[in-house]
Amino acid sequence: DGVSSRDLEDALYAFGFGLQCSYVKPFGEGHINETYAVYMPTEDGDEFAYILQRVNNNVFKDPAGVMENIFGVTEYLRNVIREEGGDPDRETLSCIKTKTGCTYFEDSEGQPWRCYNYIPNSVCYQLVEEPEQFYQSGNSFGHFLKQLGNYPASSLKETIPDFHNTVKRFGNFQRALHRDIKNRAVTCRGEISFVLEREQDCGVLVQQQEEGILPLRVTHNDTKLNNILFDADTGKGLCIIDLDTIMPGLAANDFGDSIRFGAATAEEDEQNLDLVHFDISLYELYVKGYLEATKDVLTPEEVESLPWGARLMTLECGMRFLTDYLEGDTYFKTAYPEHNLVRARTQFRLVDEMEQQFDRMKEIVKKYCQN
Ligand code: ADP
Ligand code: MG
Ligand code: MG
């Protein structure tokens, strides 16, 4: 699935770069899309860069829907940032249309390409090097939610249906367990019980959303550290990127997914469970940054839902790994036969520790809500 030079060239022409561009190079460390930086000379002899991306259409089946969501949200953000007195060219992605006015370009193999402004003087971190960055991360994703607080979330396309429907995820798990096509259930009885004992939990947030207790928000759905660009001079969070999975959803889910991987002390596939812990001091840092930005816009019910989000996003993720293990590793890439089971175990360890410290997790949220 490499990019042919012919398709890259066609994409460059489609967005009007053609022969004028100084050079093009593969860029960043993303795992989903193919990303390039395109450098264009300016009249005063300087250079100006763009980001050209081939969108992964195995993951995103509806590129037109994805681009419609991104255009809507980024145009809106530009106005919000102007009103805040910020710099819309650095604080949000902006989409650039093709020469013919389309939101994306389809190459000879039917693969979609899109183009963004390059965010100058920014840095991207693959992992938390300083705890401060995790605070910044919470603050940036919180600010993003606040900026989009009045955006009509229900007008967004649900480009990956039921992405965080934990009830459906539980149903998928039950089905995989029932079929047990690889006869692997005997190898993971403990993990299976762990999930089955938590069926009720899976409904907690879904139910509150269905009853209208929790509102739908514009959610990012990939709230990783490397989807924030930091200002190279100030070290502060600058711009949220990677907007492919923008969808209507719950604040608690974005929050929870950040905590799931950001407040863990080991890799997702660490085999030695003694190394896997939920670090509540990292959780506290994220909560602090997040609530500083959002405490005035979240409803009291949403604030209360945040610790549940952490628990449930972690449970959901573990459940998905275990489901894939039972189904014979058809979804996640695996390096060895038990890889998905190992991943499920780390997630369940984290869930277990969150459950034990749940009261403390709630207290921390309360603490940072006070003015
Ligand atoms: P993926 O879905 O593959 O992670 P991203 O959209 O996150 O794709 O892009 C991959 C990387 O490219 C980012 O982590 C970041 O380092 C860099 N990048 C993406 N967009 C921009 C941009 N507009 N300006 C500067 N760097 C960017
Ligand atoms: Mg990314
Ligand atoms: Mg992505």
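**Exercise 1. The shell around ligand 1**

How do the residues of the shell around ligand 1 divide into nonpolar, polar and charged? Then list the closest residues and the polar contacts.

*Solution.* 
Step 1. Note that this is a predicted model.
Step 2. Collect the shell. Ligand 1 is surrounded by 19 residues. Asn33, Gln53, Asn117, Ile119 and Asp242 are the closest.
Step 3. Sort the shell by class. Nine residues are nonpolar, nine are polar and one is charged.
Step 4. Look for polar contacts, using a cut-off of 3.5 Å between N or O atoms. Gln53 places a polar side-chain atom 2.9 Å from an oxygen atom of ligand 1. Ile32 uses its backbone: a polar atom there is 3.1 Å from an oxygen atom of the ligand. Asn226 also has a backbone N or O atom in range, at 3.2 Å from a ligand oxygen.
Step 5. Check the cover. On its own, ligand 1 has 550 Å² of accessible area, and the protein covers 94% of it.

**Exercise 2. The largest cavity**

Find how many cavities of 30 Å³ or more the structure holds, and describe the lining of the largest cavity.

*Solution.* 
Step 1. Count. There is one cavity of 30 Å³ or more.
Step 2. Take the volume. The largest cavity comes to about 70 Å³.
Step 3. Name the lining. It has 13 residues, and Phe141, Leu145, Thr223, Asp254 and Tyr290 are the closest to the cavity centre.
Step 4. Assign elements. Helix 4 (131-147), strand 8 (217-219), helix 9 (251-262) and helix 10 (280-294) each give two or more residues to this lining. Helix 9 gives the most, with four.
Step 5. Sort by class. Eight lining residues are nonpolar, four are polar and one is charged.

**Exercise 3. The second largest pocket**

State the volume of the second largest pocket and work out which element supplies the largest share of its lining.

*Solution.* 
Step 1. The volume is about 360 Å³.
Step 2. The lining holds 19 residues. Glu158, His164, Gln209, Pro248 and Gly249 lie nearest the pocket centre.
Step 3. Two elements, helix 8 (204-210) and strand 11 (247-249), supply at least two lining residues each. The largest share is that of helix 8, with four residues.
Step 4. By class, this lining has eight nonpolar, eight polar and three charged residues.

Note on methods. Residues numbered from 1 in each chain as written. Chains lettered and ligands numbered in written order. Predicted model: local features only at pLDDT ≥ 70, side-chain atom pairs only at ≥ 80, totals over all residues. Heavy atoms only, no water. 1 Å grid on protein atoms, 1.4 Å probe; cavity = no way out; pocket = protein on both sides within 12 Å on 5 of 7 lines; lining within 4 Å. Points joined across faces, edges and corners; volume = space filled by probe spheres on them. Nonpolar A, V, L, I, M, F, W, Y, C, P; charged D, E, K, R; others polar. Near = heavy atom within 4 Å. Polar contact = N/O pair within 3.5 Å; in protein donor to acceptor, adjacent residues only side chain to side chain. Areas by Shrake-Rupley, 256 points an atom, 1.4 Å probe, with all protein chains shown as cover.
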